[in-house]
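Please read them with the structure open.

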Amino acid sequence: MKLSFHGANRDVTGSCHMVECNGKRILIDCGLFQGGRELEEENTADFGFDPERIDYVLLTHAHLDHCGRIPLLVSRGFRGEIITTAATRELTRVVLLDAAHLAEEDAVRQQRRQARRKNGFLPTPLYTLLDAMNSFDYFGRVASYNQTIELTAGVSATFYDAGHILGSASIRLELKEQGRHRSVIFSGDLGNKDRPLLRDPVVPPPADIVVMETTYGDRCHRNLPDSVVELYAAINAAFARGGNVIIPTFALERAQEVLFYLREGVEQKTLPGSIQVFLDSPMAISATEIFARHPECFDAQTLALLTSKRDPFQVPGLHLTRETTASMALNRVTGGAVILAGSGMCTGGRVRHHLKHNLWREDSSIIFVGYAARGTLARRIIDGAKTVTLFGEEIPVRATIHTVNGFSAHADRDELKSWHTQTKASRTFLVHGEESVMQSFAKLLPGRVEMPQPHSSYSLDQ
Ligand SMILES: [Zn+2]
C-alpha cells in the first residue's frame, strides 16, 4: 500500500494524490496548477506517473484546481473510470469545457503575438475542447453520499458531503492488502458551517490516515452575517460615489451565494431596488442552472425557498450576459451596477476587462469575496499594488478595494482542526496550503504529521 503526491504540495493548486493497493492505482483528484505562468508550466510537465496505468480517478469536487488536468490525463492515455457525485459530474463538464475554451483562446492570442515577432515557435493549448469532450467518455459510476462503492477486491470508496461547493465530497478509502487493513480519508476542500444554499460538512468517519487541505489553516474567518453587512455597505458606498462594483467571482458556489445575498439585500431594502446586477459569466450562468437541478445538496433554508416557488438567485434587476458583445457593452455602464465576473483570482476571463475599465476610477469598488493565491492578479491588487498591467496597458489602482472573507467556501483553522479531531487519525498528510500556513496548522495536530514534497511517496504498511 502506497500513497504518493503529485500536486498541491506545499501549495494550493494542482491537487492530485495517488493510492496504490492490490496492483491498482487510484487517483484522488487531478487538478490544474493555477497562478502565474511559472506554476502553469507545471501543467505541461510529466504527471509523475504513467496515465495509462491509472485505474480510477475519484473526484472530490468540480473546482479547476481539483479536476482541471483530466483532459490531459485522458489525452496522455488514461482509460480507467472516473467516479464523482452526480452534481460534481455535471459541474465538471462545464468547468472543463470552459478551461479548454480559455486555453484555446490563450494559445491563439500567443500565436498572434509570436507571428508579429516573426518567431517560428507556435504555442499550443494545454488541451482542446475536443480533449475535454473526449474525457467525458470516462466518467463512469455516480457516487451517492455515504454509500460505499467497490472499486476492486480489497478497495472500496465512500463519498461524504464536504459542504464546500455543490456536489463536493471527502472520500474515504478502505484498503485491504495481504492481511493488512488501512482506511484513508481525503478531506477534499472542506466548507464552513452555517452558509446558505449548502448543508454543513458532515462529521467525518474515523480513519487511520488523513490527507487534508489547509487553505485557511492559520486563520479564522469573520462570521458570515458581518461579512454580508460589509458587502452591503461597500456596494452602497460605491453607488453613493456614482461608481460600479466589480466582484471577481468563482463561478461555482460563490456567484450563487452572492446572488442569494443580493436578493436578500433588495428584499430587506438594505440595497436599492434600482440595483442592476450583471452575472457576466457563461459558466456561472450554467452553474446556476445546474444548482437548481440538485436539490439533494441543498440546506433547509434553500429548500424552503424552492418549495415556496421562490428562486433563491433571482435578484430584481439581474441580467445574465452570455454573449461577448453584451459583456463588452457593460464597459459603457458608468455607475449603479454590480458586475459579477470570473475568474475569481482574476487570472483570466471577463473580469479582467471590467477591471481595466473600473480599477482606475476612484468612484468604483472592487470587492474580493474569495481566496486569492500567490502570484495571481487578485492577490497583487489585495496586497496594495499601485498599478497593474492589463492587456498590455498599465492601469493605476484608484478604486476602493475590499476583501470580504466571510464568504469563503473553505473551513477556517478551528473548523479544520475539529474535522481532523473527529477522524481520530494518528497519521496526517497536509496538502493544499501555503507552506507557512501548513507549518502553523501542523502544530495543532496530534500524531505523525507530514507535509509531502511534490512526487514524494509513502508506504502505508507501517
Ligand atoms: Zn475547491
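1. A residue counts as exposed when its relative accessible area is over 50%, and as buried when that area is under 20%. By that cut-off Gln178 is exposed, because its relative accessible area is 70%. The model is a predicted one, and the points below should be read as such.

2. Gln178 sits in the loop between β9 (169-177) and β10. The backbone there deserves a look: phi of Gln178 is near 45°, a positive value in a residue that is not glycine.

3. Lys424 is placed in the loop between α13 (413-423) and β20. With a relative accessible area of 67%, Lys424 is exposed.

4. One further backbone feature is a peptide bond. Gly342 and Ser343 are joined in the cis form, with omega at about 5°. Ser343 belongs to the loop between β15 (337-341) and α11 (351-358).

5. Which residues coordinate the zinc ion? The donors are His61 through NE2, His63 through ND1, His164 through NE2 and Asp189 through OD, at 2.2 to 2.3 Å. Along the chain these donors follow the spacing H-x1-H-x100-H-x24-D. His61 lies in the loop between β4 (56-58) and α2 (64-67), and Asp189 in the loop between β10 (180-186) and β11 (209-213), so this pair ties together parts that are 128 residues apart in sequence. Both His61 and Asp189 are buried.

6. The geometry of the zinc site is irregular, with angles of 92 to 164° among the four donor atoms. For a tetrahedral label, all angles would have to lie between 85 and 135 degrees.

7. Helix α4 (residues 86-116) and helix α8 (residues 282-292) have axes that come within 10 Å and cross at roughly 170°. That angle makes α4 roughly antiparallel to α8. From α4, the residues in the contact are Glu90, Leu91, Val94, Val95 and Asp98; from α8 they are Met283, Ser286, Ala287 and Ile290. Sorted by class, the contact of α4 with α8 has six nonpolar residues, one polar and two charged.

8. Ser183 lies in strand β10. Is Ser183 buried or exposed? It is buried, with a relative accessible area of 5%. Leaving out residues up to four places away in sequence, Ser183 touches Arg172, Leu173 and Glu174, as well as Pro206, Ala207, Asp208 and Ile209.

9. Arg427 is part of strand β20 (residues 427-431). Despite the charged side chain, Arg427 is buried, at a relative accessible area of 6%. Neighbours within four places in sequence aside, its contacts are Asp208, Ile209, Val210, Arg448, Glu450, Tyr458, Ser459, Leu460 and Gln462.

10. How far is Arg427 from Ala62 in sequence and in space? The two are 365 residues apart in sequence and 27 Å apart in space, C-alpha to C-alpha.

Methods: Residues numbered from 1 in each chain as written. Predicted model: local features only at pLDDT ≥ 70, side-chain atom pairs only at ≥ 80, totals over all residues. Heavy atoms only, no water. Axes fitted to C-alpha atoms, helices over the stretch in contact; angles between N-to-C directions. Helix = DSSP H or I, 4+ residues; strand = E, 2+ residues; numbered from the N terminus. Parallel < 35°, antiparallel > 145°, perpendicular 65-115°, else oblique. Contact = heavy atoms within 4.5 Å. Donors = N, O, S within 2.8 Å, 3.2 Å for Na, K, Ca; no water. Tetrahedral: all angles 85-135°; square planar, octahedral: opposite > 155°, others 65-115°. Buried < 20%, exposed > 50% of the residue type's maximum accessible area, 1.4 Å probe, protein only.
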